[in-house]
Amino acid sequence: MTATPPDDTARLRATADFVREHDTADLFPLLLPGLDGPERRALAERCRFSHAALLLLPPDAATLHAQLAACGLDFDAPPQPSVVVRGRLARRHGRTEADLDVSILRPPVPGPGGERTVEVFALTVPPGSDLADLAAHERAHDHEAHLAFEVTDPDPLALRGLCALLARHGATPDGGGHNPHEDSTVLYFTAPTGARTGYRRVELHAHGDHRAVLADHLGQDPAQHSAETLLQQLTGAWTTQALAVSARIGLPDALDTRTGTTAADLAATLDAHPQSLTTLLRYLTMLGIVAEDQDGYRLTGTGALLRADAPGSMRPLALMYGGPFYRSFAELEHTVRTGGAAFDHLFGENHFDHFARDPELAELFDQSMAASSRMFDPLPAHPVITAAAGTAGTVVDIAGGNGELLGRLLSAHPGLHGTLLERPHAVEAARRRLDAAGLGGRCGYVPGDFADVPGTADVYLLSRVLHDWDDERCAEILRHCARAMPAHADLLIVERLLPDDGSASLATAWDVHMMCNTGGRERRADHYARLLADAGLHLLGHSPLPLGAAVLHARRAAVPAPGAPAHPAPAHSGR
């Protein structure tokens with residue numbers, strides 16, 4: 001192994017020490033000496049010191065890890081591919097980006113006010129490499145060293161305001177970009193002449209895709225930015241199919257997250273056409289699903305979610321969205337013009353009946369629902385569940401699929417009992433799953449429909465059910481629940497909620513998906529409150545869950561006192 005140049009480890013140690021010693025409050029006056037009090041407070045409210053960065057050029061991966069260890073930096077997570085710094089290096093040295101495999105590592109560092117990171121951009125330069133001159137230049141000039149501030153709750157107005165504030169105090173734009181692997185936008189500045197931090201460059205880091213702000217920052221033509229944005233949106237279907245095909249042929253299962261595999265070896269393993277597979281791998285590299293190094297291709301942390309054996313594997317979702325739901329979305333125009341579900345129009349029946357007649361498809365659908373089960377992680381600790389568990393109560397999971405959610409609750413609370421209501425074919429699958437988990441002794445099963453909701457339970461669950469249906473059918477389902485629920489019982493509803501302010505959310509995308517494939521919809525919290533009230537139920541509140549979901553809590557409405565006005569009956573009551 002070639003010895004590490006002393007200055008590399010020294011630079012890394014100095015960077016780590018800087019991060020340990022400084023915090024947001026003391027950096028702003030050093031970085032922008034002319035700041036007044038209100039400006040300093042405004043910056044502190046919107047930004048926090050995130051990391052200091054540098055470029056390292058080790059001869060191999062072992063040397064890089066030795067450097068980190070020598071500086072007391074511990075890092076086990078897989079590195080992420082760089083987009084912005086790789087592009088800057090390519091332009092500065094007249095190289096193609098494909099020649100430069102720049103990765104990003106972020107070892108944590110404790111510091112004043114909390115943990116931050118050292119951001120290490122790593123480009124391997126083996127002995128005798130034609131990158132030696134590039135490495136010498138970068139070590140001498142340290143172009144990529146910078147201080148970074150994370151923008152909290154970024155929005156275009158706030159980002160433009162921060163850029164204007166930095167410019168007013170002498171900072172000048174110095175590039176930037178969007179990294180799709182991490183879905184983050186970076187805006188670089190050259191620090192003002194009077195800055196006293198020892199760093200010549202500053203970064204504003206914002207989660208999300210803020211390319212309109214980035215275009216202004218880079219002085220790009222707005223029309224060019226709009227065309228590029230629209231082109232990326234128009235080619236979204238290519239991404240869906242690339243991910244689905246990768247999952248279908250077993251590509252993620254044939255790759256390792258740490259050791260690279262050549263395209264030729266992969267093609268032989270997967271019985272694929274070598275040149276075509278290489279083209280697909282390049283596209284997947286751009287998407288951040290795989291990464292390329294001198295040994296070949298390896299799987300990223302994101303790509304590992306497509307492995308069949310991964311905990312919470314999203315492979316079934318890729319196969320569903322790239323399979324039946326991909327075909328039905330091609331008929332979206334039918335839904336927009338007629339209001340009818342595109343899935344029904346294409347397949348001649350609703351998706352519940354269609355899947356029920358095909359055991360393999362039914363199993364895939366249940367697996368795809370379970371693939372989003374991380375949204376259930378907080379539910380075992382919900383006060384309603386813990387209260388029921390404390391009294392050896394019973395939870396009824398209505399249309400509970402393969403028992404994923406009910407199994408989680410029973411596993412977390414040995415005193416809890418469960419009942420699963422589902423169609424007959426799904427009940428048998430759930431029975432096998434829960435029996436295999438050793439939970440069958442505390443679970444009962446009711447083959448049936450919504451009209452068969454059993455009484456006498458303590459908690460009733462409707463998880464990702466109501467969004468499958470229009471308002472009339474939802475009201476009917478909720479009335480079945482209200483009739484079955486004892487006076488003390490609680491109803492928990494898991495759904496994605498449309499935001500009240502129209503801001504971007506997963507629920508907005510799922511609203512189109514439900515409209516197209518089930519004839520259902522996503523709703524706002526106040527919409528659910530009205531549906532619940534019409535069924536004699538009262539919404540007590542809701543709290544957020546992972547993956548953009550929420551859990552709504554309802555109970556039977558109090559019976560009005562004699563002489564008090566009753567809630568008016570809905571027009572469709574009695575159906």
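This is a predicted model: local features need pLDDT of at least 70, side-chain atom pairs count only at pLDDT 80 or more; totals for chains, interfaces and linings use all residues.

**Entry 1: Tyrosine 460**

I started with a side chain: that of tyrosine 460 reaches the backbone nitrogen of alanine 457 at 3.2 Å. The side chain of tyrosine 460 also reaches the backbone oxygen of proline 454, at 2.9 Å. I'm using "polar contact" for a pair of N or O atoms within 3.5 Å; within protein, one must be able to donate a hydrogen and the other to accept it, and residues adjacent in sequence count only if both atoms are side-chain atoms.

Residues are numbered from 1 along each chain as its sequence is written, and side-chain values use heavy atoms, with hydrogens and water left out.

Where does tyrosine 460 sit? I found it in strand 15, residues 459-463. Helices (H or I, at least four residues) and strands (E, at least two) are DSSP runs, numbered from the N terminus.

Is tyrosine 460 buried or exposed? Tyrosine 460 is buried, because its relative accessible area is 0%. The cut-offs I use are under 20% for buried, over 50% for exposed and partly exposed in between, with a 1.4 Å probe and protein chains only.

I then listed contacts, meaning heavy atoms within 4.5 Å. Leaving aside neighbours within four places in sequence, tyrosine 460 is in contact with residues including Val396, Ile398, Ala484, Met485 and Leu492.

Two strands pair if DSSP finds at least two bridges between them.

I picked one pair to check. Strand 16 (residues 490-496) and strand 18 (residues 549-556) run antiparallel and are joined by seven bridges. In this pair, glutamate 495 stands opposite alanine 550 in strand 18.

Next I looked at what lies across the strands.

Alanine 399 is in the loop between strand 12 (394-398) and helix 20 (404-412). I noted its phi near 55°, a positive value in a residue other than glycine. Alanine 399 is partly exposed, with a relative accessible area of 24%.

**Entry 2: Helix 5 and helix 6**

How do helix 5 and helix 6 lie to each other? The axes of helix 5 (residues 84-93) and helix 6 (residues 132-141) come within 12 Å and cross at roughly 110°. The two helices are therefore roughly perpendicular to each other; that label covers 65 to 115 degrees, while under 35 counts as roughly parallel, over 145 as roughly antiparallel and the rest as oblique.

I checked who meets whom: Leu89, Arg92 and His93 in helix 5 meet Leu134, His137 and Glu138 in helix 6.

Aspartate 142 lies in the loop between helix 6 and strand 6 (146-151). Phi of aspartate 142 is near 50°, positive in a residue other than glycine. Aspartate 142 counts as partly exposed, at 25% relative accessibility.

Threonine 197 lies in the loop between strand 8 (184-190) and strand 9 (201-207). I have threonine 197 down as buried, at 8% relative accessibility. Its side chain reaches the backbone nitrogen of tyrosine 199 at 3.1 Å. Beyond four places in sequence, the contacts of threonine 197 include Phe18, Leu27 and Leu147.

Threonine 261 is in the loop between helix 10 (236-249) and helix 11 (263-270). Threonine 261 touches, among others, Asp295, Gly296 and Tyr297. That took me to strand 10 (residues 290-293) and strand 11 (residues 296-299), which pair in the antiparallel sense over four bridges. They form a hairpin with two residues between them, and valine 290 stands opposite leucine 299 in strand 11.

Terms used: Axes are lines fitted to C-alpha atoms, for helices over the stretch in contact, and angles run from 0 to 180 degrees between N-to-C directions.
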